Amino acid sequence: MDGRQIVSVIVPVYGVERYLDRCIKSIVEQDYKQLDIVVVDDGSPDRCPQLCDEWAARDSRIRVVHKKNGGLASARNAGLDIIVGDLVTFVDSDDYVEPNYISELLSWHEQSGSDVVMCSCLHDLEDGSVVADTRSTPEGIMDSEEAMIQFLYHLSLAGPVWGKMFDARLFKGDHGIRFHEGLNSEDYYVLTQVFLRMNSIFVRMEPLYHYSIRQGSIVHMSVFNDHSCDEIQISDLCCDYLTQHGYSDKKAMDYFRLQGRADVLFNIFQSDAPAVIYHRIARDMRHFLRPVLHDDRVSVSRKAKLLFLSFTPRTYRMLQRVSGGRP
């Protein structure tokens, strides 16, 4: 290392033998070379552990952690525990990045002075086609308060941790931010903490990250399982954290809790979930519905959809199947 800023890249690995070489190759071939690449083998049952070690033998910037399987959050936390970089970014092991991913995000960080910078992504489908990200995310600098509103109202920033670069100090020390283990949608919990603590985020919707959409990934399961409703628990954990740390916009938090439940309903519509689950979640939604209906920040059309979903989920499901729309 020559004294320039070091960027840590955390790559959690599990069951991605087919994609791993593409991912790591895209990282080691970055045009910015001052990298601390932490590859975490989360007890992968295929050849991934061997491939990780082979890559480490070829590039001294790569460090491999082999651990018992604990899930994505556990793997990312294991990486955070040993990072040495001034900044940190996350790349999922079935995804890959453009050659200037690190240098561009680092340049934005230096120019903006923001604790967090964010790019756009491309969606790589299994048939080989590539689809652009269609989110309408405001570009430029957002302070903590504005970013929190964007996040809690699912306007733009309620997304993944990948495609972002963070000041590593947010994750270091006794009170360093960590992922909540044992639940999916764990990115929301980290971003809640980040947006509350940071000074600002800089956004430029340049597509530098390739997100692979593949059959069998966590968010595309067609079978109802123990993690299908995790976003509800995560939304509550996020709001509980905010309340405990003095965040006072209750309307925004009520919307976040309600939308988390609506997202779960939409996702389980694609699965074989029993009807009783729909009604249990819809009943829970009605608890948060009244303040949202009186919230001027929420559009009339969004209120109508949430109202409809809260009282007649099975009818909404039928209409959603016909239209293909989101809640």
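**Close-up 1. Arg261 and Asp236, a buried pair in a predicted model.** In this predicted model, Arg261 and Asp236 are both buried. Their side chains meet in a salt bridge, with N and O 2.8 Å apart. Arg261 belongs to helix H8 and Asp236 to helix H7, so here we have a link between distant parts of the chain, 25 residues apart.

Close-up 2. Arg257 is in helix H8 and Asp236 is in helix H7 (residues 230-244), so the bridge ties together parts 21 residues apart in sequence. How accessible are the two ends? Arg257 has 14% relative accessibility, so it counts as buried. Asp236 comes out at 19%, and that also counts as buried; the cut-off for buried is under 20%.

**Close-up 3. Asp81 and Arg178, a bridge from loop to loop.** The structure holds 16 salt bridges, and this view picks out the one between Asp81 and Arg178, with 3.0 Å between the closest N and O atoms. Both residues sit in loops: Asp81 between helix H3 (72-80) and strand S4 (87-90), Arg178 between S9 and H6. That makes it a link between distant parts of the chain, 97 residues apart.

**Close-up 4. Glu181 and its contacts.** Glu181 is found in the loop between S9 and H6. With a relative accessible area of 43%, Glu181 is partly exposed. What does Glu181 touch once its neighbours within four places in sequence are left aside? The contacts are Ala73, Ser74 and Asn77. For a sense of scale, take Val91: Glu181 is 90 residues from it in sequence, and their C-alpha atoms are 18 Å apart in space.

**Close-up 5. Ser185, a positive phi in a residue that isn't glycine.** Ser185 is in the loop between S9 and helix H6 (186-197). Its phi is positive, about 65°, even though Ser185 is not a glycine. Why stop to look at a value like that? Because most residues other than glycine have a negative phi. As for accessibility, Ser185 has a relative value of 28% and so counts as partly exposed.

**Close-up 6. His154, another positive phi.** His154 has a phi near 55°, a positive value in a residue other than glycine. Look for His154 in the loop that runs between helix H5 (144-152) and strand S9 (164-167). Its relative accessible area is 22%, so His154 is partly exposed.

**Close-up 7. Helices H5 and H8 packed side against side chain.** Two packed helices are described by the angle between their axes and the distance between the axes. For H5 and helix H8 (residues 250-269), the axes come within 9 Å and cross at roughly 35°. Which residues make the contact? From H5 come Ile149, Phe151 and Leu152, and from H8 come Ala252, Met253, Tyr255 and Phe256. Sort the residues of this contact by type and you get seven nonpolar, no polar and no charged.

**Close-up 8. His109 in helix H4.** His109 lies in helix H4 (residues 101-112). Its relative accessibility is 13%, so His109 counts as buried. Leaving out neighbours within four places in sequence, His109 is in contact with Gln5, Leu87, Ser114 and Val117.

**Close-up 9. A nonpolar patch on the surface.** Which residues form the patch? They are Leu293, Leu307 and Phe311, and together they have about 260 Å² of accessible area. Leu307 is in helix H10 (residues 300-311). With a relative accessible area of 35%, Leu307 is partly exposed, and patches are made of residues with over 30%.

Note on methods. Residues are numbered from 1 along each chain as its sequence is written. This is a predicted model: local features need pLDDT of at least 70, side-chain atom pairs count only at pLDDT 80 or more; totals for chains, interfaces and linings use all residues. Side-chain values use heavy atoms; hydrogens and water are left out. Patches are made of residues with over 30% relative accessible area and no salt bridge: like charges are joined within 9 Å, nonpolar side chains (Val, Leu, Ile, Met, Phe, Trp, Tyr) within 5 Å. Accessible areas come from the Shrake-Rupley method with a 1.4 Å probe; for residues, only the protein chains shown count as cover. A salt bridge is a side-chain nitrogen of Lys or Arg within 4 Å of a carboxyl oxygen of Asp or Glu. Helices (H or I, at least four residues) and strands (E, at least two) are DSSP runs, numbered from the N terminus. Buried means under 20% relative accessible area, exposed over 50%, partly exposed in between (1.4 Å probe, protein chains only). Axes are lines fitted to C-alpha atoms, for helices over the stretch in contact, and angles run from 0 to 180 degrees between N-to-C directions. Contact means heavy atoms within 4.5 Å. Ala, Val, Leu, Ile, Met, Phe, Trp, Tyr, Cys and Pro count as nonpolar, Asp, Glu, Lys and Arg as charged, and the others, Gly among them, as polar.
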